[in-house]
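The sequence and structure come first.

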Amino acid sequence: MSKRDDLIEKYAADIKDKFGENADMDLLKKVTVGLGPSIYNIDASKVSGSDQKELDTVKNNYLIKKLGLADDSKLDDAIKTVMDKYGSSNRNKHRAVIYYKLCQHFNKASVYDK
């Protein structure tokens, strides 16, 4: 398996462990591939739930630009919900898992079908 495949398996295990569900492997792979080389960078591959600047990046670069959602309070609420479910004590919140969960939350998997 490639390093990317190893990471996707790790993300799927995280989804099972933290969210109690089996990952849609096709969508998880598309989200991970969409993140490009950032998944291999320790800092870029994680999101700090306590850093507002990072949360704004998730909102602006992913939810608004990538998924095409309008900027409103629902976006912040969804990010907070995903972060809370991931666990505030968990310091290793993977960007791919967060993006995957937000994509599911807003039912935007079709964005990756292009």
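## The largest pocket

The largest pocket has a volume of about 360 Å³. A pocket here is an open set of points on a 1 Å grid over the protein atoms alone, with protein on both sides within 12 Å along at least five of seven lines. Its volume is the space filled by probe spheres set on the points. Of the 18 residues that line the largest pocket (an atom within 4 Å of a point), Val47, Ser48, Gly49, Ser50 and Lys93 are the closest to its centre.

Two or more lining residues come from each of helix H3 (52–66) and helix H4 (73–86); helices are DSSP runs (H or I) of at least four residues, numbered from the N terminus. H4 gives the most, with five residues. The lining has four nonpolar, seven polar and seven charged residues; Asp, Glu, Lys and Arg count as charged, Ala, Val, Leu, Ile, Met, Phe, Trp, Tyr, Cys and Pro as nonpolar, and the others, Gly among them, as polar.

## Helices H1 and H5

In H1, Tyr11, Asp14, Ile15 and Phe19 meet Ala96, Val97, Tyr100 and Lys101 of H5, where contact means heavy atoms within 4.5 Å. By class, this contact has six nonpolar, no polar and two charged residues.

## Serine 110

Serine 110 lies in the segment after H5. The C-alpha atoms of serine 110 and leucine 27 are separated by 9.5 Å, though the two are 83 residues apart along the chain.

## Basis

This is a predicted model, in which local features need pLDDT of at least 70 and side-chain atom pairs count only at pLDDT 80 or more, while totals for chains, interfaces and linings use all residues. Residues are numbered from 1 along each chain as its sequence is written, and side-chain values use heavy atoms, with hydrogens and water left out.

Key. On a 1 Å grid over the protein atoms alone, a cavity is a set of points where a 1.4 Å probe fits but cannot get out, and a pocket is an open set with protein on both sides within 12 Å along at least five of seven lines; lining residues have an atom within 4 Å of a point.
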